Amino acid sequence: MTNIGIVMVSHSKDIAKGLYDLILQVAPNVSITYVGGTVDGDIGTSFETVQQAIEENTCDQLFAFYDLGSAKMNLEMAAELSEKEIEIMDVSFIEGVYCTAALFEMNADLPAVINELEKLMIKR
Amino acid sequence: MTNIGIVMVSHSKDIAKGLYDLILQVAPNVSITYVGGTVDGDIGTSFETVQQAIEENTCDQLFAFYDLGSAKMNLEMAAELSEKEIEIMDVSFIEGVYCTAALFEMNADLPAVINELEKLMIKR
Amino acid sequence: MIITKELAQKWFTVFAEKVIQDKEQLSEYDRIIGDGDHGMNMARGAQQLLSSWQETPPVHLADVFKQAAMKWISGVGGASGPLYGTAFFEMAKAIGTKEELQHEELVNVIKAGFDGIRKRGKSEVGQKTMLDVWAPAIESLEEKQLTTEILETTLTKVTALKATKGRASFLGERSINEVDPGAASSKLFFEALLEAGDLNGD
Amino acid sequence: MIITKELAQKWFTVFAEKVIQDKEQLSEYDRIIGDGDHGMNMARGAQQLLSSWQETPPVHLADVFKQAAMKWISGVGGASGPLYGTAFFEMAKAIGTKEELQHEELVNVIKAGFDGIRKRGKSEVGQKTMLDVWAPAIESLEEKQLTTEILETTLTKVTALKATKGRASFLGERSINEVDPGAASSKLFFEALLEAGDLNGD
Ligand SMILES: Nc1ncnc2c1ncn2[C@@H]1O[C@H](COP(=O)(O)OP(=O)(O)O)[C@@H](O)[C@H]1O
Ligand SMILES: Nc1ncnc2c1ncn2[C@@H]1O[C@H](COP(=O)(O)OP(=O)(O)O)[C@@H](O)[C@H]1O
Ligand SMILES: [Mg+2]
Ligand SMILES: [Mg+2]
Ligand SMILES: [Mg+2]
Ligand SMILES: [Mg+2]
């Protein structure tokens, strides 16, 4: 197993949870944490819960994914304040997380992962 | 409101539900139906429930979205058997649905929608 | 060899039994480059097909394929459900009202199944999928040369490919040297055909 | 005009009041090219800031901005939370221990806020965001020419732009001729500054 973890940030708690279930099937050994929705469970993201998802992850190096741009900003702020090494990926959310998780599970090396992720870069 | 509806097919009931909630905020007037998971609620898709989501939609013309490739095949089979005019979109799932719903809500014309969706084509 | 309803049923019965027997192995392959459910998916279809024959035995040759198509399309899920389902359905259509298939007709029927997979999967030979077993198997069958050894070699060649379709395509280079589960189950399909009758004789 | 802690607090108080008052209008703009929550998001921050001042009044000039930053970063959500939050935070940093800002210093502080938004949003002028109000407002302020009329004209110009950042960018051409909610709230921010004191005099 690689020692890079995955953090997923969605605007919806259900999307985050469902995506977690989906990739658990392909990557049971990858350290994955997630957050979805605001503190109150509404649609949105919040800085504090993103921070939590980052710190809860057992890995010190993380690939981070988000669904919509405002989630990215909370991710970035949390990343700046964290001791961890966090790379935010501007790829399509579900497909990007799936691809990364599957490759991490196989111990793929970083250039190989980045190479696959480049095909999924769609965020602006 | 345009008279094109949106059908979303996910491998997970939670992803489908969460995405529905997310886009309800931006497109309350668009006819959107969804299905996620197998008949038993497990991760997967099934032909019958996809058919249901298509038929339940009040529109006769539909843009259809899916998360992973196998969902697409069930979508295609259901589309072939339906009387409705269904266009399956090979775009990133969450971002593609979001973009389409937002544009339909604004009554954007079809070429404009296609033009935006082309930027999100990532499926193989 | 002439394919009759009885022979076709034997073919699918052996296939179903092999799938059920290799269920764990198929899922294990899928665990590596997929989501680990291929054996379960296929065994579900196989089980349902065997049971359905108890209740409603096929009347015509095409029924064997039609019933299999229905089970795979509605009972299996995943990619393999629609793919095998479409293959079997296209085979039933190619058979039509025929009750016997001469060798050449059999080849054409299997080709129709192959085209069904291609169409449904938007896939081509060389993408590390079940098609990469079907294509060479059809070729050997055409020349009356199909053997389990050839199927074995074929699967090894598929294993060396890089996946560019299906879930495994997300893995890029890392899919190389891993067994494709759908290719493995397709090998069982052709092995079952071989066991059902002497295809290479007359 | 010299900006003191009292004046800064007045600035943010007027801003908060305006935001709360225009809450519905801001959300209405966002309903058209976004998700309809901009007014609610901003009003939440505004409300929390006003309450926090009751409990812990700012001691130094920078505290006014720091407290606003905290409220926007942790209480607001959406894109506007991190964006305004970062702007206010960078403004506090630019102020440092100063207790008074001369006109030129004020301009530099606002420029620091502007850079914070750009950095946080990975955005530039011309993308139909709040930046398209901040940039011309800073320019006019520098020349001691900022007026509500100029802010009004600016917002009209932003409305004519095509969004290439934020949610509205998904709309492409269809974002043209719609008011950007973040631009509208930024207009309130500069209007509040104008109301807080006579910036164009000495
Ligand atoms: N587009 C396609 N064309 C042909 N075969 C495909 C395609 N996509 C997947 N497959 C085959 O399906 C197999 C996976 O089946 P299965 O595990 O049941 O489905 P899933 O990937 O949805 O879990 C793969 O090993 C591959 O052989
Ligand atoms: N990357 C960005 N850079 C600058 N401003 C942005 C950016 N993304 C969004 N905005 C601004 O934020 C506003 C939307 O804020 P808000 O509605 O609170 O957030 P959300 O879009 O997450 O619901 C937009 O109108 C725009 O002015
Ligand atoms: Mg599988
Ligand atoms: Mg599966
Ligand atoms: Mg909004
Ligand atoms: Mg929002």
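A polar contact is a pair of N or O atoms within 3.5 Å; within protein, one must be able to donate a hydrogen and the other to accept it, and residues adjacent in sequence count only if both atoms are side-chain atoms. Across the interface of chain B and chain D, 3 residue pairs are in polar contact, both at pLDDT 80 or more. The model is a predicted one, where local features need pLDDT of at least 70, side-chain atom pairs count only at pLDDT 80 or more, and totals for chains, interfaces and linings use all residues. Residues are numbered from 1 along each chain as its sequence is written, chains are lettered from A and ligands numbered from 1 in the order in which they are written, and side-chain values use heavy atoms, with hydrogens and water left out.

What about salt bridges (a side-chain nitrogen of Lys or Arg within 4 Å of a carboxyl oxygen of Asp or Glu)? The rule turns up 0 of them between chain B and chain D. On the chain B side, the residues split into 8 nonpolar, 2 polar and 2 charged (Ala, Val, Leu, Ile, Met, Phe, Trp, Tyr, Cys and Pro count as nonpolar, Asp, Glu, Lys and Arg as charged, and the others, Gly among them, as polar).

Now for the metals. Donors here are N, O and S atoms within 2.8 Å of the metal (3.2 Å for Na, K and Ca), and water is not among the atoms, so sites may look incomplete. Asp35(D) also coordinates the magnesium ion (ligand 6), which sits 3.6 Å from ligand 5. Asp30(D) and Asp37(D) are both buried, meaning under 20% relative accessible area, with exposed over 50% and partly exposed in between (1.4 Å probe, protein chains only).
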